[in-house]
Structures are given as structure tokens and as C-alpha cells.
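Hi,

Here is the structure I promised to pass on. Have a look at it first, and my notes follow below.

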Amino acid sequence: MVDEVYPASIIEAVFLAPASCMLLISFNAAIPAIFAAKTLYPFLEALLMQALIYDKMHKYVEALKIYEEVLEISPLNQEVYKRIAVLYYLTNQIQKAIHIHELLIELFPGTNQSFLALGYLYLINKQEDKAWDILKRAKEKKLKTAELIFLLGLNLESRQEYEKAILIYQDGLSGDPNSEQFYYHMAACYEKLNQLSKAEEYFL
């Protein structure tokens, strides 16, 4: 009976399923084995492997359900939170992705990547004020802010607020004086403002 000799199913899940996953041989064949292992002996590794397979197959809805189940077992799994946020973004559930990154910042305050991701999500969700607040909070925590500053600058440029964009790029240069992207975009902003002599100063 399978129920009596369940270690065989677990061995199949642990060894055969990961191999099919990594070698991209048969995702569909791997899922039943992992599901059997999860049913007979629930354990985190089986859940994660099942989620990974769905993820790689671009079955994001199914993957999300299992990642959320993983969090019920391991509520402080930072990498699973990050992946859930990405899948929410890929399935156009921006507000849910924002919520996950807000949780990440609350649970893991030094997470520089979450500040950047959250700032970006606020911008594409047209919540510019919150994006600026994220930059302020990141600076207070002395996190790296160059990428977030650059995103905010691009957002201002897209709205043709070139004077404000120049100010934010200058802020970026104060923390990263060798950044070519800040110099280039400052020059482009001055050019848009028809301040050509200023633009020439910043073209490298």
C-alpha cells in the first residue's frame, strides 16, 4: 500500500521531480509526485518545489496559491514574499504587489530592494507622493537610493517637469558623483529647457 510505504513517494518527489524541473524534461510529470509527497507528509521543500514548477510554467495563479501556503508554514520567508510580489506584478495586481513590499519593509527594515520596488510600483500606480515618501524613508535608513532617485527623475521628465527633474538628478549626483545616467539626463533636461550651454556642461 502506498499509504504504508510513503517514503517511496517522498523519494520520488525529492529526487525525480527536482531533476525534471532543473533539466526541463517534464514539469507535468513532476507535479503529481510532489503533490503526493505533500499529501502524505507535508513539508516545506515539497511545497516550494511545486510552486517553482508552476512558476517556471508561467502558471502564476497556481504558483501564487502555493507560495501563500508556504507563508502559512514559514511566515518569515523573505524570498517567498519577494516572489509573491513579482507574481502579483506579472499578473497586473499592482495594489497587492505594493502591499507585499510594504510588509517586507515592515518585517525586514533593511531591505533596500523592497524600497526600490515599492517606489517603482507607486510610480506606475500614479501614487507619486507615496514614492517620494519612500525615498525619504530610504534616506533616513541610509540605504542606497540612486536607483530610486533615477526612477523619480524619469517620472518628472515624463511629465515635462524638467526643473524638478534636474534637482532630483543633482541629489543623485551628490551620492553618486560618477553616475553617467544622472549626467546624461541632467544634460537632456537642460536641452529641453533650451539652456544649451548648461547642457554641454553635463554631456560626458
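Let's start with Glu 201, which is exposed, with a relative accessible area of 54% (exposed means over 50%, buried under 20%, partly exposed in between, using a 1.4 Å probe and protein chains only). Glu 201 sits in helix α12, residues 196-202 (helices are DSSP runs of H or I with at least four residues, numbered from the N terminus). Between Glu 201 and Tyr 190 there are 9.8 Å in space, C-alpha to C-alpha, and the two are eleven residues apart in sequence.

Before you go further, the housekeeping. This is a predicted model, where local features need pLDDT of at least 70 and side-chain atom pairs count only at pLDDT 80 or more, while totals for chains, interfaces and linings use all residues. Residues are numbered from 1 along each chain as its sequence is written, and side-chain values use heavy atoms, with hydrogens and water left out.

Now the aromatics. Rings of Phe, Tyr and Trp (its six-membered ring) pair if their centres lie within 6.5 Å, with planes under 30 degrees apart called stacked, over 60 edge-to-face and the rest tilted. By this rule the count comes to four aromatic pairs. One of them is Phe 150 with Tyr 169, a tilted pair at 6.3 Å centre to centre and 40° between the planes. Phe 150 belongs to helix α9 (residues 146-158) and Tyr 169 to helix α10 (residues 162-175), so this pair ties together parts that are 19 residues apart in sequence. Both Phe 150 and Tyr 169 are buried.

Phe 150 also pairs edge-to-face with Phe 182, at 6.1 Å centre to centre and 70° between the planes. That pair links distant parts of the chain, from helix α9 to helix α11 (residues 180-192), 32 residues apart. The relative accessible area is 14% for Phe 150 and 0% for Phe 182.

Last, some helix packing. Helix α6 (residues 94-107) and helix α7 (residues 112-124) pack at an angle of about 150°, with axes 9 Å apart (axes are lines fitted to C-alpha atoms over the stretch in contact, and angles run from 0 to 180 degrees between N-to-C directions). That makes α6 roughly antiparallel to α7 (over 145 degrees; under 35 is roughly parallel, 65 to 115 roughly perpendicular, the rest oblique). Among the residues making the contact are Ile 94 and His 101 of α6, and Phe 115 and Tyr 122 of α7 (contact means heavy atoms within 4.5 Å).

Cheers

Conventions
Helices (H or I, at least four residues) and strands (E, at least two) are DSSP runs, numbered from the N terminus.
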